[in-house]
Amino acid sequence: MGFMALGVALAMLGLGLLMEHNGRKASRERRRHSH
Amino acid sequence: MQIIEIEIEFPGGMTISDRASYQRSEGKVHISERLQRILDDFSVSEASPSISAVIDGENAQLTQSNGRWMDIAYVGQDAQRFWSNLLQPFVAPSSDQEQQLGRFCHALSVASLVGAIGFWHSVKGWTFTDVLNCSALAVAFVITFYAGLRFTKGD
């Protein structure tokens, strides 16, 4: 049970980091298009 | 009728931005005579351009059909749009969506903490597996708590 929770935690962290990276990239592109 | 922005991109690198009128009932775009003349002049020295427009938020590719009239072919096909909508939260998330993930991580961190404490109190004779399970829950708490703090940060 503990390891399942740990796996979920790591998966959430990975997903969040991916979203953070993509979000930064998307906002950078949006800024570039608006200029 | 609706006024739309169109962009004409030549393979040579030149790009022309102009406005045109979109006839919704006919599904066609009407360009100005001036732009028509420019296109005719450039057709002598340039390869055929790519003409695009954004109509109702959708990217459309235009093709010259008859003089100043242009036909519309939507780039965003239904299947393509379905997948891009499905993956949007992960591919191009808004800061609100990132914050929601942060809140979800905090909910998971509370669950891990409660799980670890409950586990601790329910174990009578500690075995190696119990220690590993309890430690894993504690580590999961730390990770999700940190993830929650990081993703709720916002812009």
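## A question of strand pairing

In which sense do β1(B) and strand β4 of chain B pair, and over how many bridges? In this predicted model, the pairing of β1(B) with β4(B), which spans residues 50-55, is antiparallel and runs over 4 bridges. One of the residue pairs that joins them is B:I8, whose bridge partner in β4(B) is B:I51.

Strand β1(B), residues 2-9, also pairs with β2(B), residues 15-23, again in the antiparallel sense and here over 8 bridges. Within this pairing, B:I6 stands opposite B:D18 of β2(B). The hairpin formed by β1(B) and β2(B) has 5 residues between the strands, and in this hairpin B:G13 takes a positive phi near 110 degrees.

## Confidence of the prediction

For the complex, the predictor gives an ipTM of 0.81 together with a pTM of 0.57. The average pLDDT of chain B is 87, and 95% of its residues score at least 70. Where pLDDT is low, the predicted coordinates should not be read in detail.

## Chain A and its contact with chain B

Chain A has 1 helix and 0 strands, and of its 35 residues 23% are buried. In the contact between the chains, 17 residues of chain A meet 22 residues of chain B. On the chain B side, the elements that give two or more residues are α2 (78-91), α3 (95-122) and α4 (128-151), with α4(B) providing the largest share, 11 residues. Sorted by class, this side of chain B has 16 nonpolar, 5 polar and 1 charged residues.

## The helices α3 and α4 of chain B

Helix α3(B) has 28 residues and reaches 40 Å from its first C-alpha to its last, close to the 40 Å expected at 1.5 Å a residue. Its buried residues include B:L101, B:C105, B:L108, B:S112 and B:A116. Helix α4(B), with 24 residues, reaches 34 Å between its first and last C-alpha, which is close to the 34 Å expected at 1.5 Å a residue. Among the buried residues of α4(B) are B:N133, B:L137, B:A138, B:A140, B:F141 and B:F151.

B:A138, which lies in α4 of chain B, counts as buried because it has 20 C-beta neighbours inside 10 Å, and 20 or more is the cut-off for that class. Its C-alpha is 6.1 Å from that of B:A116, although B:A138 and B:A116 are 22 residues apart in sequence; B:A116 is itself one of the buried residues of α3(B).

## Nonpolar cores

The largest nonpolar core has 18 residues, and those that touch the most other members are A:A5, A:A9, B:C105, B:L137 and B:A140. The elements that give two or more residues to this core are α1 (2-34) of chain A together with α3 and α4 of chain B, and the largest share, 9 residues, comes from α4(B).

Key
Residues numbered from 1 in each chain as written. Chains lettered and ligands numbered in written order. Predicted model: local features only at pLDDT ≥ 70, side-chain atom pairs only at ≥ 80, totals over all residues. Buried ≥ 20, exposed ≤ 12 C-beta atoms within 10 Å, placed from the backbone. Contact = placed C-beta atoms within 7 Å. Nonpolar A, V, L, I, M, F, W, Y, C, P; charged D, E, K, R; others polar. pLDDT = per-residue confidence, 0-100. Core = buried A, V, L, I, M, F, W, Y, C linked by C-beta atoms within 7 Å. Expected span 1.5 Å × (residues − 1). Pairing = 2+ DSSP bridges.
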